[in-house]
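Please look at the sequence and the structure before reading on.

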Amino acid sequence: MRIAVVGMGIIGGSFCKAIKKHTDHYVIGINRTQATLKKALADGAIDEIGDEKSLSSADIIILALYPGAAVEYVERNGEYIKKGAIVTDSAGIKADICPKLKALSEKFGFKFVGSHPMAGKETNGYVSSDGDLYNGASYIIVPCGADGEAVKTLSSLAVDIKFGMVKITTPEEHDRMIAFTSQLPHVLACAYVLSPCCKNHVGFSAGSYRDVSRVANINAELWSELFMENREPLIAELDTLIDNIHAITDAVKASDTDRIKELLNKAHKTKEELGE
């Protein structure tokens, strides 16, 4: 197949590298910065530097863009997309953008299948992309009404480039679960490092500090957009977290050792039952 990847940051660049490493598909790179495309071409991550007109020859188009930018890109360039082509995104939220991209697919005649690769790093940009980034990771597919053949094609591509699991879900379930598994940990990490103690952690910290603070090295522009576009599920998870923190805080303030043990054992049991 001919696969166009729009956006050559860590996600798009990793898609290109993984596709070239594990398949024989032809990869077209599209990006605002030409220097990045020239680097990708020199690396062998892409076969061709493309532009919006290249969309007319692509069987699959991967939009590795911020959520709002993905919608805007298709609005501007949908007329170039080949009829029947599969268009997918890579955004971390779905309920907000899936209806918009679904409507655009009906307007321009392509097949939209939402998706979200559950992988990343603390660093961004093409320089951080990696052909092995998706090895063993989960690939979430949100069909959004697309036919089974389109979903199967995208699922097969994910398996070919070494994703370890393909998860099919709805926009609503996706956003509810991502609020818990991804967005909440980023909020927690940022809140944690805002402590005045953080600047003096060297010499006092080890694995616990690294584990909790790791994702605080955050892309503020992207994550603020994700938080706002998924605000209701995120608020629900934040309220639950705050309630749990208050329960532990109240027990500590009351010197209630039995209550502290009860809460900690409940958390331990939850992890134990999950086999983690």
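Is R231 buried, partly exposed or exposed? The model is a predicted one. In it, R231 has a relative accessible area of 41%. Buried means under 20% and exposed means over 50%, with partly exposed in between, so R231 is partly exposed.

**The sheet**

Six strands make up an open sheet, and their order is β3-β2-β1-β4-β5-β6. The pairing in this sheet is parallel. The edges are taken by β3, residues 48–49, and β6, residues 111–112. Each of these two has a single partner strand, so one side of each has no neighbour in the sheet. The partner of β3 in this parallel pairing is β2, residues 26–30, and two bridges join them. In that region I28 stands opposite E48 of β3.

Helix α5, residues 148–160, lies across β1 (2–6), β4 (60–63), β5 (86–89) and β6. The helix runs at about 60° to β5.

**K121 and its surroundings**

K121 sits in the loop between β7 (114–118) and β8 (138–142). With a relative accessible area of 38%, K121 is partly exposed. Leaving aside residues up to four places away in sequence, K121 touches I10, S128, D130 and L133. The K121 side chain reaches the backbone oxygen of S128 at 2.9 Å. K121 and I218 are 97 residues apart along the chain, while their C-alpha atoms are separated by 9.7 Å.

**Salt bridges**

Side chains of opposite charge can pair when their charged atoms come close. The count of salt bridges in this model comes to 11. Among them are the pairs in the table.

| Pair | N to O distance |
|---|---|
| D147 and K111 | 3.0 Å |
| E232 and R231 | 2.9 Å |
| K271 and E276 | 2.8 Å |

In the pair of K271 and E276, K271 counts as partly exposed at 42% relative accessibility. E276 has a relative accessible area of 60% and is exposed. R231, the residue of the opening question, forms its salt bridge with E232.

Conventions:
Residues are numbered from 1 along each chain as its sequence is written. This is a predicted model: local features need pLDDT of at least 70, side-chain atom pairs count only at pLDDT 80 or more; totals for chains, interfaces and linings use all residues. Side-chain values use heavy atoms; hydrogens and water are left out. Two strands pair if DSSP finds at least two bridges between them. Helices (H or I, at least four residues) and strands (E, at least two) are DSSP runs, numbered from the N terminus. Contact means heavy atoms within 4.5 Å. Axes are lines fitted to C-alpha atoms, for helices over the stretch in contact, and angles run from 0 to 180 degrees between N-to-C directions. Buried means under 20% relative accessible area, exposed over 50%, partly exposed in between (1.4 Å probe, protein chains only). A polar contact is a pair of N or O atoms within 3.5 Å; within protein, one must be able to donate a hydrogen and the other to accept it, and residues adjacent in sequence count only if both atoms are side-chain atoms. A salt bridge is a side-chain nitrogen of Lys or Arg within 4 Å of a carboxyl oxygen of Asp or Glu.
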